[in-house]
Amino acid sequence: MDPILSARHIRKSYGAFVALRDISLDIPRGERHALIGPNGAGKSTFIACVAGQLSGVEGQMLFKDENVTALQPAALARRGIGRTFQISRAFLQMSVLENMMAAHVIASGRWASLSRAIYAERAERACAMLDTVGLADRARDRVADLSLGDRKRLEFGMALVGEPDLLLLDEPTAGMSIKERHALMEMVAARVDAEGRTLIFVEHDIDVVMKIAQRVTVMVRGAVLAAGTPAEIKANDEVQAVYLGGGH
Amino acid sequence: MTDPRILWAQVARAAVNWKLIAPLLIAVEALNWLAPASTSTMLTEIAILALFAASLNLLMSFGHMVSFGHAAYFGLGAYGFTLAVVRAGLPPEAALLAGPMVAALGGLIFGALCVRLTEIYFAMLTLACAQITYTVLFQWYDFTGGDTGITGFMTPRLGLSEAGYASFALWTVVLAVLALWVIVKSPLGLMIRAVGQDRARAEALGLGARKVQLTAFVIAAFFAGIAGTLYAVLHGSAFPDYAGLSLTLDGLIMVVLGGLNSFAGGIWGAVIYQLLSTFVPKVIHEWELVLGFVLLGICLAMPHGFVGLLKRLGLGRKGGK
Ligand SMILES: Nc1ncnc2c1ncn2[C@@H]1O[C@H](COP(=O)(O)OP(=O)(O)OP(=O)(O)O)[C@@H](O)[C@H]1O
Ligand SMILES: [Mg+2]
């Protein structure tokens, strides 16, 4: 199977602290892949490496067979990597709809335009996406006034606007109720499948992981402990010992 | 569900509030033609500084880029115009365009340097660039006239009366501010705001943040250059102080005084600041003391400045002017 993303011997240190030690990972095209592990395992750090947001990363990152190791975040986004952040990041002082429109302007590449034509062209799609992520009636509200869960939804919708081939979601369901979590991730999975995208998501709710992921990578202290199908991971004694049994 | 385009129009609020602005402009014009010449000159200076503050406000309120060197582009505008007349021999009317162009070019060169860093480091770079500009203007006697500046090279105000030139400056500033408004409400303006609010988010969506910041910087420099040009024409002179730190600080004070994060903030701030600095010294010798207390009050009690006060009083409906 031809991988869309291939991480080879990725290492990243914060000063003397080694956050990622020799991570190698292949993600096949179209897979829904979960990244799990206890707090501080390096999951978010790995996501940031893939998205090009960290400096001083060792190793090699191949995306669609291209070496993208040294590329900047914007260049990676334009090549088809979209992400959301663990601590959700949206344009806080803008309204929800303006956030969505900003994503559209960026996706269109017309960032330097002085013409408002694109607003008329994309208004319908921007509103439709708000509807998709369940924020249609919040369009006028400032993002700063949104709940954490709603910010996560907004971010997810904004990431989709760029039609990324690889979507990285860092704890997309944090701050949501169990019911909301399952609903959101089922919607994400359906959408990703329908549009032929590849998904890597970080998730602490193991039930969600079991339901949504086709393959799981377990990280512990900056290294890969195990990888396999959800059933394999659940049956793995080592994983049970350090993670699943550990109160999660 | 609301029609998406109507919803967008409500959210983006790009309409100009002419009901508020038109009577204001007419009143200013009436005052200009009825009052003595000294009032016209004061109005001219207020209009010029309003444009200067509005250009700085584009960077500060929308790009969240704090510049400690914005006067450099005011100065480059003034000298661009003056040197085009004195050294290139252009007629003053034709040289009017040279000022903003030189300022924008300066903004392009210095801006490319400054946007490599962010936050306080960005601010320090803008300061460094402004100090370089000032020093060159101050020291290069053969070309810029050095610390004595350049005077007596043209009839001040292009030969217009005080009121005539005030009118010219006022309408130039109105057009320039409208242009800034169009920019802020355009996709480019949305991108400037996006980078200002969350650079990493914007980059993760595929936006080259530096390109956006540099564009904003050049635009702000261009409009500061228009202000500088108008100022040089008003007095028929150019001095290194036009690019000095004290004008930069004045600009920063105006923006904070008027209210950060609003389009009209810089403009109102300039008006209030100029009025205070004209009239308070006539009553109290230590006008800086008064200014100090006004600023203290604003920062502590009214973080959204004068525009915030208007909004609280239910007046300044939108970000009108
Ligand atoms: N900017 C930073 N500077 C220093 N250390 C950092 C930095 N970012 C992360 N770390 C450390 O690196 C380790 C991995 O962090 P990371 O955020 O990748 O973990 P995680 O697996 O995402 O954890 P969580 O489940 O809590 O989100 C942690 O020990 C963290 O303290
Ligand atoms: Mg994390």
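The model is predicted.

**Ligand 1**

The shell around ligand 1 holds 14 residues. Those that come nearest are A:Gly40, A:Lys43, A:Ser44, A:Thr45 and A:Gln86. By class, the shell has seven polar, five nonpolar and two charged residues.

| Side chain | Ligand 1 atom | Distance |
|---|---|---|
| A:Lys43 | oxygen | 2.8 Å |
| A:Ser44 | oxygen | 2.8 Å |
| A:Tyr14 | nitrogen | 3.5 Å |

On its own, ligand 1 has 630 Å² of accessible area, and the protein covers 61% of that. Two elements of chain A give two or more residues each to the shell: β2 (17–28) and α1 (43–50). Helix α1(A) supplies the largest share, three residues.

**The magnesium ion**

Ligand 2 is a magnesium ion. Which atoms coordinate the magnesium ion? They are OG of A:Ser44 and OE1 of A:Gln86, at 1.9 to 2.0 Å. A:Ser44 lies in helix α1 of chain A, while A:Gln86 lies in the loop between β6 (81–84) and α3 (96–108), so the pair ties together parts that are 42 residues apart in sequence.

Both residues also belong to the group that comes nearest to ligand 1.

**Chain B: overall form**

Chain B has 16 helices and two strands. Its radius of gyration is 20 Å, close to the 20 Å that the globule rule gives for 321 residues, so chain B is as compact as a globular protein of that length. The C-alpha trace spans about 65 × 45 × 40 Å along its principal axes. Of the 321 residues in chain B, 56% are buried.

Is B:Leu97 buried or exposed? B:Leu97 counts as exposed, because its relative accessibility is 64% and the cut-off is over 50%. B:Leu97 sits in the loop between α5 (92–95) and α6 (98–114) of chain B.

B:Phe122 belongs to helix α7 (residues 119–139) of chain B. With a relative accessible area of 4%, B:Phe122 is buried. B:Phe122 and B:Phe68 are 54 residues apart along the chain, and their C-alpha atoms are separated by 8.9 Å.

B:Arg193 lies in helix α10 (residues 187–197) of chain B. Its relative accessible area is 13%, so B:Arg193 is buried, as the limit is under 20% with protein chains as cover. Which side chain does the side chain of B:Arg193 meet in a polar contact? The partner is the side chain of A:Glu98, at 3.0 Å. This contact links chain B to chain A.

Terms used:
Residues numbered from 1 in each chain as written. Chains lettered and ligands numbered in written order. Predicted model: local features only at pLDDT ≥ 70, side-chain atom pairs only at ≥ 80, totals over all residues. Heavy atoms only, no water. Near = heavy atom within 4 Å. Polar contact = N/O pair within 3.5 Å; in protein donor to acceptor, adjacent residues only side chain to side chain. Areas by Shrake-Rupley, 256 points an atom, 1.4 Å probe, with all protein chains shown as cover. Helix = DSSP H or I, 4+ residues; strand = E, 2+ residues; numbered from the N terminus. Nonpolar A, V, L, I, M, F, W, Y, C, P; charged D, E, K, R; others polar. Donors = N, O, S within 2.8 Å, 3.2 Å for Na, K, Ca; no water. Rg over C-alpha atoms; globule rule 2.2 N^0.38 Å. Buried < 20%, exposed > 50% of the residue type's maximum accessible area, 1.4 Å probe, protein only.
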